[in-house]
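Subject: Structure for you to look at, with notes

Dear colleague,

I am handing over the structure that follows, together with some notes on what was found in it. Please read them with the structure open beside you.

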Amino acid sequence: MEAIRNHTGFIYPLNRDNVDTDQIIPKQFLKRIERTGFGQFLFYNWRFDEKGNKRKDFSLNDPKYSRATILLTGHNFGCGSSREHAPWALLDYGFKVIIAPSFADIFYNNSLKNGILLIEMDERQIRSWMEKAERSQYHLQIDLEKQQIRDEENNIVRFNFPEEHKEKLLNGWDEIDLTLKLNDKIAAFEKAGGIIA
């Protein structure tokens with residue numbers, strides 16, 4: 001997966017709590033075998049009407065958010081089923097970072113495994129940035145190494161992030177990469193006939 005150290009991008013504010021994985025990517029679009037191509041179906045029932053036309057009343061369809069790569073949202077984002085298609089759809093659409101007061105556990109782990117940076121942040125801070133992004137395009141600069149976010153007013157907000165996940169994202173290591181790091185030990189184990197020394 002792609003490493004992420006620093007990211008600067010525009011915000012899309014989705015001011016909703018308890019957004020579940022069926023809202024992120026509805027079940028009828030889970031038939032694809034590849035991990036790509038799901039972005040077009042992201043938030044499908046909110047973005048499109050019954051005829052497949054874009055809804056004017058859903059903010060992601062506003063052209064000012066067309067280049068957004070940072071999603072700001074509410075509590076318990078990614079709840080519901082364990083489908084890995086949800087982070088695939090978000091990533092394929094273009095979101096690299098999601099900031100929320102809290103995330104559903106399975107979604108959190110699935111997203112990190114696919115290279116999305118998830119940041120838990122104070123709700124008041126999120127709402128402040130949301131209000132600014134609702135008025136006009138607003139960007140943030142995120143430094144994972146320093147664990148800090150710089151906004152357009154040059155304010156710096158620090159965030160907590162688990163060290164084991166940080167190392168994986170900084171290096172772009174997925175589960176296969178981590179297994180390959182143990183290749184010498186695996187080879188030695190096989191050579192010894194599967195006997196642990």
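Predicted model: local features only at pLDDT ≥ 70, side-chain atom pairs only at ≥ 80, totals over all residues.

Aromatic rings

The count of aromatic pairs comes to 13. In one of them, the ring centres of Phe43 and Trp46 are 5.6 Å apart with the planes at 20 degrees, and because planes under 30 degrees apart count as stacked, this pair is stacked. Phe43 and Trp46 are each buried. For Phe103 and Tyr108, the centres lie 6.1 Å apart and the planes stand at 50 degrees, so that pair is tilted. Elsewhere, Tyr12, Tyr65, Tyr93 and Phe95 are linked into a cluster through ring pairs.

The nonpolar core

In soluble globular proteins, nonpolar side chains tend to be buried together. Here the largest nonpolar core has 55 residues, and those with the most contacts inside it are Phe43, Phe77, Leu90, Ile99, Phe107 and Trp129. Two of these residues, Ile99 and Trp129, deserve a description of their surroundings.

Ile99 belongs to strand 3, which covers residues 97-100, and with a relative accessibility of 0% it counts as buried. Beyond its neighbours within four places in sequence, Ile99 is in contact with Ile70, Leu71, Leu72, Thr73, Ile119, Met121, Ile126, Trp129, Leu140, Ile142 and Ile149. With Thr73, the separation is 26 residues in sequence, while the C-alpha to C-alpha distance is 6.4 Å.

Trp129, with its neighbours within four places in sequence again left aside, is in contact with Ile11, Leu72, Ile99, Met121, Tyr138, Leu140, Ile149, Asp151 and Val157.

Strands 1, 5 and 6

Strand 1 (residues 6-14) and strand 5 (residues 139-143) run antiparallel and are joined by five bridges; within this pairing, Thr8 has Gln141 of strand 5 as its bridge partner. Strand 5 also pairs with strand 6 (residues 148-150), again in the antiparallel sense, over three bridges, and there Ile142 stands opposite Ile149 of strand 6.

Strand 5 and strand 6 form a hairpin with four residues between them. Gln147 lies in the loop between these two strands, and its phi is positive, near 55 degrees, although the residue is not a glycine. Gln147 counts as buried, at 11% relative accessibility. A second residue to check is Asn154, which has a positive phi of about 70 degrees and is likewise not a glycine. Asn154 lies in the loop between strand 6 and strand 7 (156-158), and with a relative accessible area of 52% it is exposed.

In helix 3 (residues 85-93), the buried residues are His85, Ala86, Pro87, Trp88, Ala89 and Leu90. The buried residues of this helix pack against helix 1 (21-24), strand 2 (68-73), strand 3 and helix 4. After helix 3 comes Gly94, with a positive phi near 130 degrees.

Helix 6 (residues 163-171) has His165, Lys166, Leu169 and Leu170 as buried residues. They cover an arc of only 130 degrees around the axis, and they therefore lie on the same side of helix 6. The buried residues of helix 6 pack against helix 4 (105-113) and strand 4 (117-120), and the helix is followed by Gly172, whose phi is positive, near 70 degrees.

With best regards

How values were computed:
Residues numbered from 1 in each chain as written. Heavy atoms only, no water. Core = buried A, V, L, I, M, F, W, Y, C linked by side-chain atoms within 4.5 Å. Buried < 20%, exposed > 50% of the residue type's maximum accessible area, 1.4 Å probe, protein only. Contact = heavy atoms within 4.5 Å. Pairing = 2+ DSSP bridges. Phe/Tyr/Trp six-rings, centres within 6.5 Å; stacked < 30°, edge-to-face > 60°. Arc of directions from axis to C-beta.
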